[in-house]
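Visitor: I'm new here and would like a walk through this one. Can you take my questions as they come?

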Amino acid sequence: MDFEDTREEAEFRAECRAWLEANASERAPGSEVGMSARDNETVERAQAWQAKKADAGWACITWPREYGGRGATRIQGSIWNQEEARFETPPNLFLIGQGMLGPTLMAHGTEAQQTRYLEKMLRGEEIWCQLFSEPGAGSDLAALRTRAEQDGDAWVINGQKIWTTGAQYSRWGMIVTRTSPGAVKHKGITYFIVDMHAPGVEVRPIKQINGGSSFNEVFFSDVRVPAENMIGRVNEGWRGAITTLMNERAAIGGGGMGGGVDTLVRLAQQVPIDGRPALEDAGVRQRIARLYIRQRGVQLAGLRSLTALSRGETPGPDLSIGKLVGAPLRQEMAAFALELLGPMGAVDDDAVGDRLWQQAYLGAPGGRIAGGTDEIMRNIISERVLGLPPETRVDKHVAFEDVPTGRKS
Amino acid sequence: MNFDFDDDQKALQRAVREYLERESPLSECRRVLEGEARYSETVWRGAAEMGWLGTAIPERYGGAGLGALELALVAEEVGRALAPIPFASSIYLVSEALLQLGSEAQKERYLPQLAAGTCIGAFALQEGPGHGNGQALATVLKDGAITGDKQPVLDGDVAGLYVVACRVGDQPRLALVGAGEGVKATPVACIDGSRALARLQLSGAQAELLGDGGDAAAIEHLLDRAATLMAFEQLGGADQAFAITREYVLDRYVFGRPVGSFQAIKHRLADLFVDISLARSNSYYAAWALAGSADELPVAAAAARAAASDAFDLAASEMVHMHGGIGFTWEADAQLFYKRAKLLALTLGSPTHWRDRLTLRLARESAA
């Protein structure tokens, strides 16, 4: 048992690092890689970095060679990610395309689609967004109502998508639509590639609890999509959507913790309770210990996953707990930090403090909803890992148009 | 990255599991619970013959000469089987104490007997309710004679060798005491009747320091080592409680459906699974620290111990509850897990105590 690279891994890591050192500078401690951009300048910087990686053969290294990757192993992919994270790089705006949609096109797309889209996706020349959720279809994604109707050689899309990351700077989107409302829910769905610059596509940013706008609403009004943009067959889009979602959970998985328990310990050493450091309070120590055990447990589970990858094995199912532990943990940790601060915890002002825990607290609820809510994650663990029976479904044998969806008042 | 046990270690674990499934089924735990025996002599003899007692004892002292990682996996299987044997006392505590602190003569004398199972060891720390820190011990060693009242002592009435926490002057020390004059071990009933608890009264009994007797830090280090191994025993128990419960909720129907198809049950089992998994990852890290004598042990052992205690406790109480009324009966096996989980969580100090240590140690690291 050790935490060292094998000889091959160490050689690969050195190769990654050598290129990165020659092409980027080291990241300042504590800063994180962004996942979205607020302005065109940032988008351009991100695209330039991606192109540079692609030219040197460091883009999408785990993609098969036939699609422009290196055919690298998953452990090599992970080593590259660790090394790249040590360097100052622009936000990664390509993850949804390269991590989720690209693999879906490889599995379900036509050769023409793969040729047309994958290389530009890999090089970052075209950014992609995922058009799945709707106001009435979140956890219950298959309840989606955005319509696609055939009109000659094209399909015409009408409806609304929501929670779309990066829609404002995406060139293409992958959209799931309802094509047969008379069929049962999962059997009337068709998957398309849609041109985000086409007439009738309107992107509006959503303002979140924390004041930020990482997501958008996207409206479709008579948007015409050529038939060749269909992914898979008519009414069989659910299969492709599942491929995308599986890749999404793999992509979300680990993730950094931001302000971790070590920051919390320092805070508890600084802020007072009745004139003594909060850390001298036994109740405070109990809560910190509980948070630490979960944070450390998830990190260590990540190392166990890497071990499996390093051996060329698939990580065990008990390692798929990262999101269910990590997302509520962030929220609890931030809430506890605010409690330690006492009434000052309510101050969210640049002129007074760094707003670290206030912003973490306001941003945290999103993590428990995006990419599978806590409850969906528990369903997935209990059904796919533990083998417990699936949920009883009242909509299974009913035509979709007869199934109640959304709100009724 | 190689954060896992290797193939040889896993093969050893499989062999231990298969042996215990055969020789120490839950009926053996129940036999001790319901009978007069204080532990299972047949399982104890078997463990000695298979060489597990001496897993981490060097060959020159009659052991197998393997390491802490192998011992951790044996502990996990002992926990999974709820084996009613004095394994923790004799091995994680007394054998480890001898290995860490004992003089050469003491090791040569006692370790072969402990590895062979012919001598059972017990660790006497507590002196009544609460949590001792080694500073306020009333047991005193003076001029080779020890006097004090230790309670509870796990396996105290079946042991022939005691490592006793005591004071010499005002310094905490560890002493070795054998059975003999001035040593009185009285059985006391335990919350888990499949395991032996005792009161150990020492009145001027002959005693010697364990090596140079150690100090408060040495005692704390010993407890960290034992806590790590105990965490694996708890993980094994938690895993097994979980597995039996899962089978049950799939098999038992209510309202026309398996109990395990209700989200109220599914989500709780998912959460329990997560807690066990977190305890497992923390415990692996502590095992790594233990095997390498790493500076990380104090934090890692406390995290592993607290997490594994809570995981086994939760697994056992969910096991009782999810079995419904039958789970509350003497007849059902859920009680065996419910009782063992609580005994193990309290032995070596409660999870509340270990969480407190954990944060204090994190703070110490943060200050360093």
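Visitor: How many bridges join strand β6 of chain A to β7(A)?
Guide: This is a predicted model, so keep that in mind throughout. Strand β6 covers residues 201-205 of chain A, and it runs antiparallel to β7(A). At one spot A:Pro205 stands opposite A:Asn216 in β7(A). The number of bridges joining the two strands is 5.

Visitor: Over how many bridges do β3 and β7 of chain A pair?
Guide: Strand β3 of chain A takes in residues 154-165, and β7 takes in residues 215-226.

Visitor: Moving to the domains, which helix of chain A gives the largest share of the side of domain 1 that touches domain 3?
Guide: The domain assignment of chain A puts domain 1 at 7-93, domain 2 at 128-240 and domain 3 at 253-371. The C-alpha centres of domains 1 and 3 of chain A lie 27 Å apart, and their contact takes 5 residues from domain 1 and 4 residues from domain 3. On the domain 1 side, 3 residues come from one helix, and that helix is α3 (residues 74-85) of chain A.

Visitor: And how many charged residues are on that side of domain 1 of chain A?
Guide: The side of domain 1 of chain A that touches domain 3 has 1 nonpolar and 1 polar residue. The charged residues there number 3.

Visitor: What about the two chains together: which element gives the most to the side of chain A that touches chain B?
Guide: In this contact, 42 residues of chain A meet 37 residues of chain B. The elements giving two or more residues to the chain A side are α7 (261-270), α8 (282-310), α9 (322-341) and α11 (374-385) of chain A. With 18 residues, the one that gives the most is α8(A).

Visitor: How many nonpolar residues does that side of chain A have?
Guide: By class, the side of chain A that touches chain B includes 8 polar and 13 charged residues. Its nonpolar residues number 21.

Visitor: Over in chain B, what radius of gyration does the chain have?
Guide: Chain B has 11 helices and 9 strands, and its C-alpha atoms fill a box of roughly 75 × 50 × 40 Å along the principal axes. For 368 residues, a compact globule would have a radius of gyration near 21 Å. The value for chain B agrees with that, at 20 Å.

Visitor: What percentage of the residues of chain B count as buried?
Guide: Burial here takes 20 or more other C-beta atoms within 10 Å of a residue's own. Of the 368 residues of chain B, the share that counts as buried is 56%.

Visitor: Is helix α9 of chain B largely enclosed or exposed?
Guide: Helix α9 of chain B spans residues 297-322 and reaches 36 Å from its first C-alpha to its last, close to the 38 Å expected. After the helix comes B:Gly324, whose phi is positive, near 70°. Since 23 of the 26 residues of α9(B) are buried, the helix is largely enclosed.

Visitor: Where is B:Leu82, the residue with a positive phi although it is not a glycine?
Guide: The phi of B:Leu82 is about 50°. B:Leu82 has 29 C-beta neighbours inside 10 Å, so it counts as buried. Its place is in the loop between α4 (68-80) and α5 (87-101) of chain B.

Visitor: Is B:Asp155 buried or exposed?
Guide: B:Asp155 lies in the loop between β3 and β4 (161-168) of chain B. Although it is not a glycine, B:Asp155 has a positive phi of about 65°. With 26 other C-beta atoms within 10 Å, B:Asp155 is buried.

Visitor: Which strand of chain B holds B:Pro152?
Guide: The peptide bond from B:Gln151 to B:Pro152 is cis, with omega near -5°. B:Pro152 itself is found in residues 145-154, which form strand β3 of chain B.

Visitor: Last one: which helix gives the largest share of the side of domain 1 of chain B that touches domain 3?
Guide: The centres of these two domains of chain B are 21 Å apart, and the contact takes 22 residues from domain 1 and 21 residues from domain 3. Helices α2 (26-34), α4 and α5 of chain B each supply at least two residues of the domain 1 side. The largest share, 10 residues, comes from α4(B).

Methods. Residues are numbered from 1 along each chain as its sequence is written. Chains are lettered from A and ligands numbered from 1 in the order in which they are written. This is a predicted model: local features need pLDDT of at least 70, side-chain atom pairs count only at pLDDT 80 or more; totals for chains, interfaces and linings use all residues. Two residues are in contact if their C-beta atoms, placed from the backbone, lie within 7 Å. Helices (H or I, at least four residues) and strands (E, at least two) are DSSP runs, numbered from the N terminus. Ala, Val, Leu, Ile, Met, Phe, Trp, Tyr, Cys and Pro count as nonpolar, Asp, Glu, Lys and Arg as charged, and the others, Gly among them, as polar. The radius of gyration is taken over C-alpha atoms; the globule rule is 2.2 Å times the number of residues to the power 0.38. A residue is buried if 20 or more other C-beta atoms lie within 10 Å of its own, exposed if 12 or fewer, and partly exposed in between; C-beta atoms are placed from the backbone. Two strands pair if DSSP finds at least two bridges between them. The expected span of a helix is 1.5 Å times one less than its number of residues. Domain bounds come from an automatic or database domain assignment.
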